[in-house]
Amino acid sequence: TTAGGENCWAEQTAFLARGEAADEFVVHPSPRSLESEIEKLLATDAATRADMAVALHKLESEIAERRRAEATLREEHVRLETLFQGARDAIFIADRESGVIVDVNRQAEALLGRHREELVGLHYAQLHPPDWDERIRQEFQFHVRGATELTATEILHRDGTRIPVEISGSVIE
């Protein structure tokens with residue numbers, strides 16, 4: 001497999017065992033995978049001990065690499081969650097297509113006097129006073145298109161109090 005994740009396959013073109021100067025291989029992109037080749041070997045009962053030893057070693061290496069990658073992802077998730085929850089600003093993550101809130105941090109909960117469970121699933125416009133509706137929709141589209149400037153608006157606390165805020169947005173791909 002290449003660094004880009006593309007499967008490659010090596011074809012031996014010269015054999016030292018046949019008296020040629022060296023073993024030579026040509027490596028080229030291929031739809032073949034180690035897993036499919038092992039399946040073929042097992043289906044034909046033509047696999048030798050050496051074939052199986054090579055396949056086992058390759059699978060052990062792949063499993064170890066996947067475990068390292070999973071550990072790295074877990075560590076990165078913990079790091080990002082710590083940043084997200086520890087931010088001093090309220091953070092709302094909304095689906096860019098629908099505008100539905102998919103996550104909030106603790107600061108957002110505190111600002112609105114509402115729990116995460118109450119906020120996730122709401123449309124972002126539901127956080128603002130009704131008289132801001134059209135402007136809020138325009139600002140959301142402004143931020144979805146990549147604008148990062150602060151915009152002033154108001155949001156509603158659980159008790160109905162209007163809270164002046166500045167909003168900035170970022171698109172996460």
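Helices (H or I, at least four residues) and strands (E, at least two) are DSSP runs, numbered from the N terminus. By that count, helix α5 gives the most to the lining of the largest pocket, with 5 residues. This is a predicted model: local features need pLDDT of at least 70, side-chain atom pairs count only at pLDDT 80 or more, and totals for chains, interfaces and linings use all residues. Residues are numbered from 1 along each chain as its sequence is written, and side-chain values use heavy atoms, with hydrogens and water left out.

**The largest pocket**

- A pocket is an open set of points on a 1 Å grid over the protein atoms alone, where a 1.4 Å probe fits, with protein on both sides within 12 Å along at least five of seven lines.
- The largest pocket holds about 1,000 Å³ of space.
- It has 32 lining residues, and the closest to its centre are Phe 92, Ile 167, Ser 168, Gly 169 and Ser 170. A lining residue has an atom within 4 Å of a point.
- The volume is the space filled by probe spheres set on the points, which are joined across faces, edges and corners.
- At least two lining residues come from each of β3 (92-94), β4 (101-104), α3 (106-112), α5 (133-144), β5 (151-156) and β6 (162-167).
- By class, the lining has 20 nonpolar, 7 polar and 5 charged residues. Ala, Val, Leu, Ile, Met, Phe, Trp, Tyr, Cys and Pro count as nonpolar, Asp, Glu, Lys and Arg as charged, and the others, Gly among them, as polar.

- The model has 7 salt bridges, each a side-chain nitrogen of Lys or Arg within 4 Å of a carboxyl oxygen of Asp or Glu.
- Glu 62 pairs with Lys 58 at 3.6 Å, N to O. Both lie in helix α2 (residues 49-86), 4 residues apart, about one turn of the helix.
- Lys 58 is partly exposed because its relative accessibility is 35%; buried means under 20% relative accessible area, exposed over 50%, partly exposed in between (1.4 Å probe, protein chains only).
- Arg 79 meets Glu 76 at 2.9 Å, N to O. This pair also lies in helix α2, 3 residues apart.
- Arg 79 is partly exposed at 46%, and Glu 76 is partly exposed at 33%.

**Other salt bridges**

- Arg 116 and Asp 103 form a salt bridge of 2.8 Å, N to O. Arg 116 lies in helix α4 (residues 116-119) and Asp 103 in strand β4, so the pair ties together parts that are 13 residues apart in sequence.
- Arg 116 is partly exposed at 31%, whereas Asp 103 is buried at 18%.
- Asp 131, Glu 154 and Arg 162 are linked in a network of salt bridges.
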